[in-house]
Amino acid sequence: MFGIVIDILLIAIILFLLYCLSAIWPPDSPWAPWWQTPKDVILAMLTLAKVGKQDVVYDLGCGTGEALITATKEFGAKGIGVEIDPLRFVMAKYNIWKQKAPHLTLKKENFFKVPLSDATVIIMYLIPNALKRLTPKFLQEVKPGTRFISYRYEMPVKLFKGRLHLVKHDIKHEIYIYKMTA
Ligand SMILES: C[S@@+](CC[C@H](N)C(=O)[O-])C[C@H]1O[C@@H](n2cnc3c(N)ncnc32)[C@H](O)[C@@H]1O
């Protein structure tokens, strides 16, 4: 009995240390810091981008899944979440199950390897370096008309050679909405 208690305690300590470590990981590594989009920002970004039931929403680095859960439950969209971190992936799975979010697929994958051709909305809370590295993939795969929602960080518009346009900027919530053109 005592052994089991020690095991549980050790697991809890390891999980806590991993949680702390994730906050100080180098910002340009795939293990981006444990930053989360607040709920009021999620609501503002989905409203601003006019997300609706016709949309296929991808969340690249979906973390614990809150934005996607809101997009599917409250805005009626279909959601696809991509998350590389096993801990956050499990937490997202649990949140989706707990909140009974419909029309939602979760992939434990590297978002550089996930096809984006059916996306109509792409949500990201990623550092500028990751947005820059994703640009060739966006140019190759994302169809015209797709909206990008970026929280806190601007997308590298110049690298899109006239194919990406800022359509809305909510200064208060630090939300940038872009549209891809042909
Ligand atoms: C700043 S957090 C944002 C989490 C969530 N989107 C939110 O707003 O609450 C960035 C997320 O991207 C994930 N991530 C970073 N690089 C990734 C990659 N190459 N593939 C999939 N997920 C990645 C991280 O694990 C982390 O959960």
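Q: Which residues form one aromatic cluster?
A: In this predicted model, a search of the whole structure finds eight aromatic pairs. One aromatic cluster is formed by Trp-35, Tyr-125 and Tyr-151.

Q: How are the rings of Trp-35 and Tyr-125 arranged as a pair?
A: The ring centres of Trp-35 and Tyr-125 lie 6.2 Å apart, and their planes meet at 25°. Planes under 30 degrees apart count as stacked. The pair of Trp-35 and Tyr-125 is therefore stacked.

Q: How many residues apart in sequence are the parts that Trp-35 and Tyr-125 tie together?
A: Trp-35 lies in the loop between helix 1 (2–22) and helix 2 (39–48). Tyr-125 belongs to the loop between strand 4 (121–124) and helix 5 (128–141), so the parts tied together are separated in sequence by 90 residues.

Q: Is Tyr-125 buried or exposed?
A: Tyr-125 has a relative accessibility of 16%. Buried means under 20%, so Tyr-125 counts as buried.

Q: Which residue has its charged end over the ring of Trp-35?
A: Trp-35 counts as partly exposed, at 40% relative accessibility. A charged end sits over its ring, 6.0 Å from the ring centre, and belongs to Arg-152.

Q: With which residue does the side chain of Thr-64 make a polar contact?
A: Thr-64 is located in the loop between strand 1 (56–60) and helix 3 (66–73). Its relative accessibility is 7%, so Thr-64 counts as buried. At 2.7 Å, the side chain of Thr-64 makes a polar contact with the side chain of Gln-36.

Conventions. Residues numbered from 1 in each chain as written. Predicted model: local features only at pLDDT ≥ 70, side-chain atom pairs only at ≥ 80, totals over all residues. Heavy atoms only, no water. Helix = DSSP H or I, 4+ residues; strand = E, 2+ residues; numbered from the N terminus. Buried < 20%, exposed > 50% of the residue type's maximum accessible area, 1.4 Å probe, protein only. Polar contact = N/O pair within 3.5 Å; in protein donor to acceptor, adjacent residues only side chain to side chain. Phe/Tyr/Trp six-rings, centres within 6.5 Å; stacked < 30°, edge-to-face > 60°. Lys NZ or Arg CZ within 6 Å of the ring centre and 35° of its normal.
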